[in-house]
Amino acid sequence: MSAAEGPLVVGVDTSTQSTKALVVDAATGRVVASGQAPHTVSSGAGRESDPRQWWDALGEALAQCGDAAREAAAVSVGGQQHGLVTLDAQGEPVRPALLWNDVRSAPQARRLIDELGGAKTWAERTGSVPSASFTVTKWAWLTEHEPDAAHAVKAVRLPHDYLTERLTGEGTTDRGDVSGTGWWASGTEEYDEGILARVGLDPALLPRVVRPGEVAGTVRDGHGLPFAKGTLVAAGTGDNAAAALGLGLRPGVPVMSLGTSGTVYAVSQRRPADPTGTVAGFADARGDWLPLACTLNCTLAVDRVAALLNLDREAVEPGSGVTLLPFLDGERTPNLPHSSGLLHGLRHDTTAGQLLQAAYDGAVHSLLGALDLVLDADADPSAPLLLIGGGARGAAWQQTVRRLSGRPVQIPEARELVALGAAAQAAGLLTGEDAAAVARRWNTAAGPVLDAVERDGATLERITGVLSDAAPLLERDASSR
């Protein structure tokens, strides 16, 4: 390892599938070491993970970083949003965490919207209309289906909170991640006691919300990780807010993230409140806002279609009028939690490569449909769309986004932007800088720009029409099939 120009910091990304750790030179943004370890997610009706495996994966990822991790002066954790982590009096999980893509709480989401005065009221109070992804609906599901487990809960955390608390011994969260729970009032930036009372959740079970730039705590003794006691720990944040930090986003710049889930978002200085529920009115990790739309089915769904067709994921062929809605896990945008994949327009001459391209088109259609709602009216419609996440490196994803968006597309060269954003947050504790300014100094968004091509409006209109016509079928509750 060559000598670093500044102090070292660690940024962590605890995602759905794995935990990644980067050791970064705070002066230059150079990644001096990295590690990664996988998680296990249940299959079937629910999507659950044992939080203790996230801690074990963090330890393994840091061990892969070697001596560099031991030199870190500060650490921060970015993590998958919405997950419900329930702990007992000893800080041990009461049950596995209910993850963001567990849609069993869809009935509770519908009920809560009705009980609290409708979607407009929810949007005004919390910035978002809760779907089955939101933590508040998962807590409602738990109290209804597993009351003994709910009664045993002495602390409620989000995934990144769980790791931060194991480092510091203190229950904390941040405004970016807590804004995705459904029990945080975005107007007052405080817990909404009326909503908590409605779902029977004692505010004393929730973590303290750490302000942007504030130290969440210091590393305590007995953690078993290669950090020195007293190492500074930043607030951390949700994965999308961390990626926004990692890009050093300025207001109005659009981002599309292609991962297990797909997201489109942009930093805004206006507090969002979309009563349709398409756009979640999240806070960012700095003090601004991060209006965001999320789909449940993105790269994994398209890869599954490729596997079923026995094709490489890049083996696409130009379309032939076939439409494939890859809603393999239900869907959040559009809000169809009990839906499944749908194929329309199949002909004798349809090829496997055309079916695969149709899966890409269906996944990107959902994201682009929300992009105009995410962006402020004064955003530049010709600005390059920043394409990030694992799918951003794939030629088929890049060309599909270009063709359906009609925008130039920029591919940042920096990888692991969630972990880089967490590292920038940690570096800001040491330098006193805004974390996004740290990332801009590191030039993390630099990368090639692919020129705009003519927008394929015909394909978008065809998919929209099929989706509209199929809505009654897709909206059926799974129990009625």
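Student: Which residues touch the most other members of the largest nonpolar core?

Tutor: Trp139, Trp183, Leu201 and Tyr265, in a core of 67 residues. A nonpolar core here is a set of buried Ala, Val, Leu, Ile, Met, Phe, Trp, Tyr and Cys residues joined through side-chain atoms within 4.5 Å, and buried means under 20% relative accessible area (1.4 Å probe, protein chains only). This is a predicted model, where local features need pLDDT of at least 70, side-chain atom pairs count only at pLDDT 80 or more, and totals for chains, interfaces and linings use all residues. Residues are numbered from 1 along each chain as its sequence is written, and side-chain values use heavy atoms, leaving out hydrogens and water.

Student: Which helix gives that core its largest share?

Tutor: Helix H14, residues 417-431, with 8 residues. Helices are DSSP runs of H or I, at least four residues, and strands are E runs of at least two, numbered from the N terminus.

Student: What is Leu201 in contact with?

Tutor: Leaving aside neighbours within four places in sequence, Leu201 contacts Trp139, Val156, Trp183, Leu196 and Leu206. Contact means heavy atoms within 4.5 Å.

Student: OK, and what's in the second core?

Tutor: That separate core has 36 residues, including Val322, Ala358, Ala359 and Leu375.

Student: Switching topic: how many helices and strands are in the chain?

Tutor: 16 helices and 24 strands.

Student: And how much of the chain is buried?

Tutor: 59% of the 481 residues.

Student: What does the C-alpha trace span?

Tutor: About 65 × 55 × 45 Å along the principal axes of the chain.

How values were computed
Buried < 20%, exposed > 50% of the residue type's maximum accessible area, 1.4 Å probe, protein only.
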